[in-house]
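Q: I would like a close look at a single part of this model. Please keep it brisk and residue by residue.

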Amino acid sequence: RDAASVDLRRCYLKKSVLVHPDKNKHPDATKAFQRVAAAFAVLSNETKRRRYDMQLRAGRNGDSDCSSDEEVELSPEEAFAAFAFAAAAAGGGGFTDMA
């Protein structure tokens, strides 16, 4: 809950590389990649992250009581754009330090 943005970005990049459709041949890799990007879209935005944390504290962690307009949906293109942005912000997109 109190991870720094640089730590979130690093974790996001690690996870997104694991599920990236070019690296992972599982039939649902694109969907997994989109979900990781959607999670990062919430956690990297301070307002959305605060709202998400409040929902968790209130006991609404994805069950049916949670309003559906809060859910983030990303197209494959948006997910790839988020990945490219995070990689560039991490210092040029090198992945050697993420192993």
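In which helix is A29 found?

A: A29 is found in helix α2. A caution on the source: this is a predicted model.

Start with the setting. The chain has four helices and zero strands. From the N terminus on, its elements run α-α-α-α. Of its 99 residues, 25% count as buried. The accessible surface comes to about 6900 Å², and carbon and sulfur atoms hold 52% of that.

α2 covers residues 29-43. It has 15 residues. From first C-alpha to last, α2 reaches 21 Å, close to the 21 Å expected at 1.5 Å a residue. Its buried residues are A29, F33, Q34, A37, A38, F40 and V42.

Take A29 in detail. Its relative accessibility is 4%, so A29 counts as buried, the cut-off being under 20%. Leaving out residues up to four places away in sequence, A29 touches V19, P21 and N24. V19 lies 10 residues from A29 in sequence, and their C-alpha atoms are 5.4 Å apart.

The axes of α1 and α2 come within 9 Å and cross at roughly 170 degrees. Angles over 145 degrees count as roughly antiparallel, so α1 is roughly antiparallel to α2. On the α1 side, the contact is made by L8, R9, Y12, K15, S16 and V19. On the α2 side, A29, A32, F33, V36, A37, F40 and L43 take part.

The pairing with α3 has another geometry. Helix α3 spans residues 46-57. Its axis comes within 6 Å of the α2 axis, and the two cross at roughly 100 degrees. That value falls in the 65 to 115 range, so α2 is roughly perpendicular to α3. A41, V42 and L43 of α2 meet K48, R49 and Y52 of α3 in this contact.

Next, the core. The largest nonpolar core has 13 residues. Y12, L13, F33, A37, F83 and A86 touch the most other members. α1 (5-19), α2 (29-43) and α4 (76-89) each supply at least two residues. α4 gives the most, with five.

One is Y12. Beyond residues up to four places away in sequence, Y12 touches V36, A37 and F40, and also A79, A82, F83 and A86. Y12 is among the α1 residues that contact α2.

The other is A79, which has its place in helix α4. With 0% relative accessibility, A79 counts as buried, because the limit is 20%. Apart from its neighbours within four places in sequence, A79 is in contact with Y12, F33, Q34, A37 and L74. A79 and A38 are 41 residues apart in sequence, yet 7.4 Å apart in space, C-alpha to C-alpha.

To recap, α2 runs roughly antiparallel to α1 and roughly perpendicular to α3.

How values were computed
Residues numbered from 1 in each chain as written. Predicted model: local features only at pLDDT ≥ 70, side-chain atom pairs only at ≥ 80, totals over all residues. Heavy atoms only, no water. Core = buried A, V, L, I, M, F, W, Y, C linked by side-chain atoms within 4.5 Å. Buried < 20%, exposed > 50% of the residue type's maximum accessible area, 1.4 Å probe, protein only. Contact = heavy atoms within 4.5 Å. Expected span 1.5 Å × (residues − 1). Areas by Shrake-Rupley, 256 points an atom, 1.4 Å probe, with all protein chains shown as cover. Axes fitted to C-alpha atoms, helices over the stretch in contact; angles between N-to-C directions. Parallel < 35°, antiparallel > 145°, perpendicular 65-115°, else oblique.
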